[in-house]
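I opened my notebook to get to know this fold, strand by strand and helix by helix. Come along and look with me.

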Amino acid sequence: MPSKPAILIARKVFPDIVDHLRAHFEVEMNDTDDVYSPAQLIERLQGKVGALTTGSERIDAAVAAACPQLRVVANIAVGFNNFDVPALSAAGVLATNTPDVLTETTADFGFALIMATARRLTESEHFLRAGQWNRWSLDMFAGAEVHGSTLGILGMGRIGQAIARRGALGFGMKVIYHNRSRLDAATEAECRARYVDKATLLREADHLILVLPYSAENHHAIGAAEIAQMKSTATLVNIARGGIVDDAALAQALRERRIAAAGLDVFEGEPKVHPDLLTVPNVVLTPHIASATLQTRRAMAKLAADNVIAYLTEGRPITPLNAEIIGKGARE
């Protein structure tokens with residue numbers, strides 16, 4: 001019998017996902033879960049027609065050129081700034097991601113981070129664990145109200161809309177948003193959200209959350225100049241991508257109390273974190289876990305696997321990023 005085509009799973013995934021793929025392919029796994037260097041990634045991809053990847057693996061023109069048998073790369077993530085999609089399209093390599101399956105879970109976590117930041121949970125827990133709690137006072141770790149306040153959302157895709165619904169319907173918040181394009185009236189009404197320009201968003205939000213994709217245009221979309229436009233009592237939460245916030249400028253603003261607090265799940269250059277953020281008390285820091293429930297992470301891995309299977313067996317990926325190449329220059 002002819003041998004099965006080979007694929008690479010670039011990071012460790014659930015065993016049942018591996019078995020699912022093995023029904024169709026010879027599978028090489030990364031059981032150590034180490035992040036491959038660019039050279040190691042190219043080496044591992046030799047002879048592979050597909051790969052399951054994460055944000056740790058940069059897939060660009062050099063990888064596509066060095067791996068001529070590669071036909072599809074499937075990100076286990078909704079974000080795909082680790083893919084050079086135009087370069088992959090030019091090389092005939094299909095790229096996919098995992099939208100929708102993580103929307104609600106990520107929105108839950110985004111709102112949890114808003115709550116933790118506004119109510120100073122991390123700061124107060126550190127205080128308690130250090131044995132400093134020996135008396136109660138009226139203003140001890142008094143934070144900011146969430147209910148009834150103004151929620152500002154920068155980036156109003158699926159996750160932004162889910163956060164808006166939580167704020168408006170669950171906490172009676174006034175929701176304002178800014179997006180590259182305005183939502184239709186029906187969606188705005190469903191989210192109870194009002195479109196504003198970016199300057200108004202920065203000026204009026206009591207709690208600003210970032211949910212926009214990373215791009216060169218969005219690099220440091222929130223920097224010193226933008227922070228200066230925010231209320232001194234405001235909080236900032238980033239669950240989008242590292243690099244959207246100038247982390248050094250944010251750390252300085254937090255230290256000088258030019259905004260009240262921040263909550264960050266993503267960082268520029270992660271898993272490294274800007275050292276200044278580790279020394280300011282008024283920030284909640286989490287290690288890129290907004291989608292981290294077992295159910296959601298399993299659904300993400302399953303969708304990535306199904307994309308590879310569907311494309312390589314039927315030519316019909318489920319959530320392609322560059323579907324225009326199918327049948328028009330895609331690698332065979």
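I began with strand E1 (residues 6-9) and strand E3 (residues 48-53), which run parallel and are joined by four bridges. Strands here (E, at least two residues) and helices (H or I, at least four) are DSSP runs, numbered from the N terminus. I found Ala 6 opposite Lys 48 in E3.

A note on what I am reading: this is a predicted model, where local features need pLDDT of at least 70 and side-chain atom pairs count only at pLDDT 80 or more, while totals for chains, interfaces and linings use all residues. Residues are numbered from 1 along each chain as its sequence is written, and side-chain values use heavy atoms, with hydrogens and water left out.

I then traced the whole sheet: it is open, with five strands in the order E2-E1-E3-E4-E5 and parallel pairing (two strands pair if DSSP finds at least two bridges between them). Strand E2 (26-29) and strand E5 (94-96) each have a single partner strand, so one side of each is left without a neighbour in the sheet. I noted an average twist of 15 degrees from one strand to the next.

Entry 2, the seven-stranded sheet. I followed another open sheet with parallel pairing, in the order E8-E7-E6-E9-E10-E11-E12. Its edges are strand E8 (193-195) and strand E12 (283-285), each with a single partner strand, so one side of each lacks a neighbour in the sheet. Here the twist averages 20 degrees from one strand to the next. Strand E7 (residues 174-178) runs parallel to E8, with three bridges joining them, and I saw Tyr 177 partnered with Tyr 195 of E8.

I looked up helix H5 (residues 103-118) and helix H7 (residues 158-171), which pack at an angle of about 55 degrees with their axes 9 Å apart. Axes are lines fitted to C-alpha atoms, for helices over the stretch in contact, and angles run from 0 to 180 degrees between N-to-C directions. H5 and H7 are therefore oblique to each other (under 35 degrees is roughly parallel, over 145 roughly antiparallel, 65 to 115 roughly perpendicular, the rest oblique).

Is Thr 106 buried or exposed? I found Thr 106 buried, at 5% relative accessibility (buried is under 20% relative accessible area, exposed over 50%, partly exposed in between, with a 1.4 Å probe and protein chains only). Leaving aside neighbours within four places in sequence, Thr 106 is in contact (heavy atoms within 4.5 Å) with Ile 159, Ile 239, Ala 290 and Ser 291.
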